[in-house]
Structure formats: C-alpha cells, structure tokens
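Hi everyone, thanks for coming. I'd like to walk you through one structure today, so please have the sequence and the picture ready.

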Protein chains: 2
Amino acid sequence: MLSHASLLDRSPAVAGGTPGRCASCGARGNALCASVDEAGLTALHALGRRRILPSGQVFNWAGDRNNHCAMLVDGMLKVTASTSDGREQIVELLFPGDFVGELFEEDATLTISALCETDLCAYPRIAFERTLEQHPRMERMLLHHALAALGDARARMLALGRRNARERIAGFLLDLVERTGRPAPGGGVRIAIPISRGETADYLGLTIETVSRQLSRLKAQGILAFAKGDRDCTVLREDRLHTILNPV
Amino acid sequence: MLSHASLLDRSPAVAGGTPGRCASCGARGNALCASVDEAGLTALHALGRRRILPSGQVFNWAGDRNNHCAMLVDGMLKVTASTSDGREQIVELLFPGDFVGELFEEDATLTISALCETDLCAYPRIAFERTLEQHPRMERMLLHHALAALGDARARMLALGRRNARERIAGFLLDLVERTGRPAPGGGVRIAIPISRGETADYLGLTIETVSRQLSRLKAQGILAFAKGDRDCTVLREDRLHTILNPV
DNA sequence: CGTATGGTTGAGCCTCCTCAAGCGCTGTGG
DNA sequence: CCACAGCGCTTGAGGAGGCTCAACCATACG
C-alpha cells in the first residue's frame, strides 16, 4: 500500500527534468505538485524529506512550534482541535494529495496525527513559505486548496450546528459514497468507513454510542448493511439517505 | 457612519497615482487593497463599483449564479448556510476590510446578506479572478485571508461540535471583547453585541431562547451587565468568562 | 488463557429544544 | 393623542434527543 520511498530520500534533483523521487511519487498526479512547473518542483524537491508516520503517531501537536508542513502522499491524517478539558473535534480528514499543516502561524493550534501508516513529503515551514513566494502558480494552487477546505468547513459547520445525529450520519455516509463508493455485486454501493466509531464521533460532534446506535438503526431499516462491528458496509438505499439528509 | 460614496462611482483611475475613490476609501488601510501596488489598485479600481446594501438585503443567494464578489468597506454582512427545510447556520460574520464572496465557484452555495446598511466595493467575479492571476501580491493577501478564515472556521467547528450553550456564549462574548472591547467607566469592558438574539443563535448553533437564558444567567451571576433586551453590555468579570470557556 | 481494544446495547438523566405567554418599545393609522 | 399591531426579547413548562454510565460481546494479541 505504501510506496517504497526511503525514509530520507536525499537524491539530488536532476536539473532540467522531473526529480527522481517526485517522478515516482504516488501523489504526483493529484497533489499541489501536479501543477507546479519544473523549476518549482526542483525547488520543492530540494526542500522535501520523505517521511513515514506510523499509525497513531502525531505529525504535530497543538501548542508546539509550527516548524513543518507536508504533502500527503499515501495514508490518512486527522486534524483535531481540543478543549482545555480534553474534548476533541476532528476538524478535517486528510487524504493523499492534500496539503498538511498551518501556514504563516508561529505556533500550531491543531494536532495532526496519522490514522494509519502514512507516507508524506515534509518541508520546513518557513522555507516552504519562501518558495511559495517565488512560485505564484504554487501559491494559486494552495489558494484553491484553502478555499476548498473553507467550503468544506462551512458545510460541516452547518452539520454541527443544525443537524441531528441521524442527519449527520447520513451526510457522512453520502460523502463516503461520493468519494470512494463502488457498485456492490448485489446492488447498492460498497464503502469502507475509513475511521473507527470513536473517530467518527469526534468528526461528527457526537459520542461513540450515538454513532453506533444510528448505524444500527440504519441497518435495522434496511438502508445500510454491515457485519457487526465492521467498517466495510454497503449502502442499500442511497435515496433514503438523501431524504434523511434533506427532509421535507 | 457610512462613507459618502455615490452608488456608482465611475471616476476614471488616475494613471500613476492612487485612484480617487480608493484614496478616500475607509477600507484602504486594512483591506486587501492595503497591500496592493499601484498597478494592482488601478486594475481593481477599473473593475469595482461602489454599492450600498440596505439592512436586511441580500448580496447573493445560495443557489444563484455566483457573479460578484466584493470588498466590505463599511457595515456588516452575515454568510449563512441552510438545510433544505430552512434551518440556518451563520457560517461567518464579515466586517470592514473583509473579502466578500466565493471565488472559483460557478454557483453560490451560501447566502450573503447585510446586517445593517452596508457599503461595499463590488467586482465581477470572473474579472476579479483574472486580475488576481496578474497580481501575485493580491493573490498572496487573499491566501492569507482564506487561511485566517479557515482557522476561524475550525475554532467554530470545535465550539459547535463540542461546547455546551454556556461555553459558546462565553466564547462569543470573549471574541467581542477581543475585537471591539473598550474599558468601561466603572471597571469592566464595554462591548456591543453586533447582532440580534436570533442571529446570535444562528451563529452559535442554538435557539433564541437558549441564548437569552444564558445571557440572563450571566447577568444574574454578576458576570455580565445589560439592560433588558439591550445589545450594549459590559463584561464585569472577564476572568470568569475565561474559566467558563476553559473548564478544569 | 487473560487482557486489551473496539463495538453494541440498555437504563436513566440532563441539557437544550419546543411551545406558549407576556413585556416593552416603535411605528402607524384612526 | 391614543389604540393597536409588530418585533425583539424574556421567561416558564414540558418533552425529547443525545449524553453518561454500565454491562456485554467479539476479535486480536501477548
């Protein structure tokens, strides 16, 4: 699953061509890097270090100095905000090709950690920002990324502020269908819930128990099918998920 | 309060100097425009139309074509997301100097409306985006703006997903103190809640009644003082608001 | 085999929502 | 000038949705 980059690939950039590590990078196609010209890619390559983060390990703690950012090559990260007494809210989920980190901030306000073994291309934050200044096309891509993330965050604010548990679960499942759904053999759509019940709860602003109960209820109603405790499931009635999410 | 710009200021840009309308613009100091060079400002000026939005009027409806964006010169806007059955969530409040609109989107997903008489400098969206491409410094400013908005949105997601009513109110009041607080004559900090109870509820993901009750409770506890139904109030015990927001 | 982890399910409770009534202010029309 | 409607806000009573606490099950792992 993970690509076979060494932990510290320092192969020198090849002048005039796509640098070796980048050429073989799994994220080359859909990442920020995709629309960067050769010069920009070479500059990035000189800065970047390939790094593998074991499952559960954190990339950066809220409150620590914000020294690094990265491109996510393979795996998954969660970005969490916390209250002082330890309540957690997953503020974003990161997938291959996504930008990782908080730019232009001295100290990190969010904790970023790996949901599974995760492969990323890490840069010193300051140097990355300087490179950005010299490559307007990269800056433009990042602007697009930031605006997309902002749109996402706003949709989630609506869910967290105004939707009940059932609607949040329906919306979450529909997001998964849209992002990773594949037709199931016997009809319906197969999806894999990429995170645990607890993480789903932290993502949707609910508790583990409520998430579990709502999923069970969807199963009892024949809308969703899954083996007990399983993250692989198939959506049998996508239409009914839509009517749950959009009532009246 | 509002500046006296005509509804349609089409005075031609002055080559080599700050265009007349911009020079006298109240937002010139802290807006996107502030860090744009002469050439960029001239380009923007050629595009912009000064426009006054009466209180309550909408700048753009969710679902409509997304033809315009703007710089907020004076007044206040709210940006709302809605469910299909009419529940509303205020997703952002906009103040003078803020950028208004959704870039790079064919159709608007959010409704933007005026909370009071509001003065803005509106641009055709596509033309604005093209101008952006030619002025990397503007693009950089917008990136900063977008990242700041994203940071805000994430803090609000934590509040909406994980904080109770009392904590949300405390956080809201502390935000106002930080943004607009002025020392009160008899001690404490004077603030003006800039929106109605109903809008506060839509902003915090609560109901009008809960907002009202929580404010009354803070008053009864001597933390906050205000006349019945009044939006002007003084925070008597800022420290206690902090301990409400950050328990344990 | 015992423990740990993740998930499900149940019982009871609490916070916040819903519904309703009432207050004070403003603006309007008779 | 007063009556009245409308709006924003407050306050109360009751109910429901989701949280808390707890028990239990299945699987993985040492």
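This is a predicted model: local features need pLDDT of at least 70, side-chain atom pairs count only at pLDDT 80 or more; totals for chains, interfaces and linings use all residues.

Residues are numbered from 1 along each chain as its sequence is written, chains are lettered from A and ligands numbered from 1 in the order in which they are written, and side-chain values use heavy atoms, with hydrogens and water left out.

Let's start with the two protein copies. Chain A superposes on chain B by a rotation of 180° with 0.0 Å of shift along its axis, and the RMSD is 0.0 Å. The superposition is by least squares on the C-alpha atoms of residues with pLDDT of at least 70 in both copies. That is the relation of a two-fold axis. Which surface do the copies meet through? They meet through the same surface, because 100% of the interface residues of chain A are also interface residues in chain B.

Is A146(A) buried or exposed? A146(A) counts as buried because its relative accessibility is 2%. For that label, buried means under 20% relative accessible area, exposed means over 50%, and partly exposed is in between, using a 1.4 Å probe and protein chains only. Not counting residues up to four places away in sequence, A146(A) touches L143(B), A146(B), L147(B) and L150(B), where contact means heavy atoms within 4.5 Å. Within its own chain, A146(A) is 47 residues from F99(A) in sequence, yet their C-alpha atoms are 9.1 Å apart in space.

Now for the interior. In soluble globular proteins, nonpolar side chains tend to be buried together. By a nonpolar core I mean a set of buried Ala, Val, Leu, Ile, Met, Phe, Trp, Tyr and Cys residues joined through side-chain atoms within 4.5 Å. The largest such core has 44 residues, and those touching the most other members are Y123(A), F128(A), L142(A), Y123(B), F128(B) and L142(B). Another core lies apart from it, with 42 residues, including A70(B) and L94(B).

A residue is near a strand if one of its heavy atoms lies within 4 Å of it. There are 20 residues around DNA strand D, and T210(A), R197(B), S212(B), R213(B) and S216(B) come nearest. Which helix gives the most to this surface? For DNA strand D the answer is α7(B), with five residues.

What do the strand's own atoms tell us? Of the atoms of DNA strand D within 4 Å of the protein, 64% belong to sugar or phosphate and the rest to bases. Some polar contacts, meaning pairs of N or O atoms within 3.5 Å, show both kinds of partner.

Now DNA strand C. Sugar and phosphate make up 66% of the atoms of DNA strand C that come within 4 Å of the protein. The largest share of this surface, five residues, comes from α7(A). Backbone atoms take part as well: an N or O atom in the backbone of A165(B) is 2.7 Å from a phosphate oxygen of DNA strand C, and one in the backbone of G229(A) is 3.5 Å from a phosphate oxygen.

One last stop is F104. F104(A) has a positive phi of about 60° although it is not a glycine, and it lies in the loop between β6 (99–100) and β7 (111–114) of chain A. In chain B, phi of F104(B) is near 60°, also a positive value. F104(A) counts as partly exposed at 28% relative accessibility, and F104(B) is partly exposed with 27%.

How values were computed. Helices (H or I, at least four residues) and strands (E, at least two) are DSSP runs, numbered from the N terminus. A polar contact is a pair of N or O atoms within 3.5 Å; within protein, one must be able to donate a hydrogen and the other to accept it, and residues adjacent in sequence count only if both atoms are side-chain atoms.
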